[in-house]
Amino acid sequence: MEENNLVKGKVQDKNWPLPNFFFKVELGEDTYAFKEISGLDAEVETTTYRHGNSRQKSDFIISSRPKFNDVTLKKGLFTKDTKLYSWFKSNLNSPDRKDVSISLMNELNNKELTWKLISAFPKKITFSDFNSQESGIAIETVVLSCEDLDFISI
C-alpha cells in the first residue's frame with residue numbers, strides 16, 4: 001500500500017524537496033501558527049592574517065566565532081492572545097530565555113526538519129499599522145535573538 005502511494009505522489013519521499021508553507025513553532029510548552037518566518041541564518045566570522053615572513057601569496061583565513069542572526073516571526077493577532085507580548089515584557093526585568101523549535105512538516109503532519117533556537121528571547125515586538133481605508137488582518141511581529149542554532153533532520 002505504501003509503495004502505491006509513493007508512485008501516485010500522495011506521500012512525500014526523499015526525491016522531492018519539502019514545501020516551505022507547512023511548519024509549526026513550539027515555544028516552551030506552547031505551539032504557534034505563524035504566517036511567516038525569516039532569518040534562520042548562521043555564519044562564522046573570519047579574520048585574515050599574514051605574517052611578515054610568509055611565502056604564501058594570499059592571506060590566511062582563520063575561522064572565528066559563530067554568529068546566529070535574529071529570527072523574525074509574524075502571525076495574526078487574536079483576541080486575548082497576549083503570550084508573546086507578555087514574554088517580551090518579562091525580559092525587561094530579568095532574563096526569560098526559552099528554547100524555540102521551528103519544524104517543517106510533511107503532508108502527514110509529521111516533523112521532517114527542525115531548527116532549534118537555543119536560549120532565545122524576544123528583542124523586539126511590532127504590531128500592525130492600522131488603516132481604516134484598507135482591508136487586511138492585524139499582524140504581530142516578534143524578533144528573537146538566540147545563543148545557538150541547531151538543525152535536526154528527524
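Visitor: Is serine 101 buried or exposed?

Guide: The idea is to compare the relative accessible area of a residue with a cut-off, and buried means under 20%. This is a predicted model, and in it serine 101 has 14% relative accessibility, so it counts as buried.

Visitor: Where does serine 101 lie, and with which residues is it in contact?

Guide: Serine 101 belongs to strand 7. When neighbours within four places in sequence are left aside, its contacts are Lys24, Val25, Glu26, Thr114, Trp115 and Lys116. Sequence and space should be read separately: serine 101 and asparagine 131 are 30 residues apart in sequence, and their C-alpha atoms are 34 Å apart in space.

Visitor: How should I read a nonpolar core, and how many residues has the largest one?

Guide: In soluble globular proteins, nonpolar side chains tend to be buried together. Here the largest nonpolar core has 23 residues, and those with the most contacts inside it are Phe34, Leu84, Val100 and Leu117.

Visitor: Which elements give two or more residues to this core?

Guide: They are strand 1 (23–27), strand 6 (71–76), helix 2 (83–93), strand 7 (98–105), strand 8 (111–127) and strand 9 (139–145). Strand 8 contributes the most, with five residues. As for phenylalanine 34, leaving aside neighbours within four places in sequence, its contacts are Phe23, Val25, Leu73, Lys74, Lys75, Leu84 and Val142.

Visitor: How many salt bridges are there?

Guide: To find one, we look for a side-chain nitrogen of Lys or Arg within 4 Å of a carboxyl oxygen of Asp or Glu. The count here comes to seven salt bridges. One of them joins the side chains of glutamate 26 and lysine 111, at 3.0 Å from N to O. This pair links distant parts of the chain, since glutamate 26 is in strand 1 and lysine 111 is in strand 8, 85 residues apart. Glutamate 26, at 21% relative accessibility, counts as partly exposed, and lysine 111, at 31%, also counts as partly exposed.

Visitor: Which residue forms a salt bridge with lysine 123?

Guide: The partner of lysine 123 is aspartate 70, and their closest N and O atoms are 2.8 Å apart. Lysine 123 lies in strand 8 and aspartate 70 in the loop between strand 5 (60–68) and strand 6, so the pair ties together parts that are 53 residues apart in sequence. Lysine 123 is partly exposed at 46% relative accessibility, and aspartate 70 is partly exposed at 28%.

Visitor: Are lysine 75 and glutamate 140 buried or exposed?

Guide: Lysine 75 counts as buried, at 2% relative accessibility. Glutamate 140 is buried as well, with a relative accessible area of 2%. These residues form a salt bridge whose closest N and O atoms are 3.5 Å apart. Lysine 75 lies in strand 6 and glutamate 140 in strand 9, so this pair ties together parts that are 65 residues apart in sequence. Salt bridges also link Lys75, Asp81 and Glu140 in a network.

Visitor: What is the volume of the largest pocket, and which residues line it?

Guide: The volume of the largest pocket is about 160 Å³. Its lining consists of Asn20, Phe23, Lys35, Glu36, Ile37, Leu40, Ile102, Ser103, Leu104 and Trp115. Strand 3 (36–38) and strand 7 are the elements that give two or more residues to this lining, and the largest share, three residues, comes from strand 7.

Visitor: How many residues of each class are in the lining?

Guide: The lining of the largest pocket has six nonpolar, two polar and two charged residues.

Terms used. Residues are numbered from 1 along each chain as its sequence is written. This is a predicted model: local features need pLDDT of at least 70, side-chain atom pairs count only at pLDDT 80 or more; totals for chains, interfaces and linings use all residues. Side-chain values use heavy atoms; hydrogens and water are left out. A nonpolar core is a set of buried Ala, Val, Leu, Ile, Met, Phe, Trp, Tyr and Cys residues joined through side-chain atoms within 4.5 Å. Buried means under 20% relative accessible area, exposed over 50%, partly exposed in between (1.4 Å probe, protein chains only). Helices (H or I, at least four residues) and strands (E, at least two) are DSSP runs, numbered from the N terminus. Contact means heavy atoms within 4.5 Å. On a 1 Å grid over the protein atoms alone, a cavity is a set of points where a 1.4 Å probe fits but cannot get out, and a pocket is an open set with protein on both sides within 12 Å along at least five of seven lines; lining residues have an atom within 4 Å of a point. Grid points are joined across faces, edges and corners, and a volume is the space filled by probe spheres set on the points. Ala, Val, Leu, Ile, Met, Phe, Trp, Tyr, Cys and Pro count as nonpolar, Asp, Glu, Lys and Arg as charged, and the others, Gly among them, as polar.
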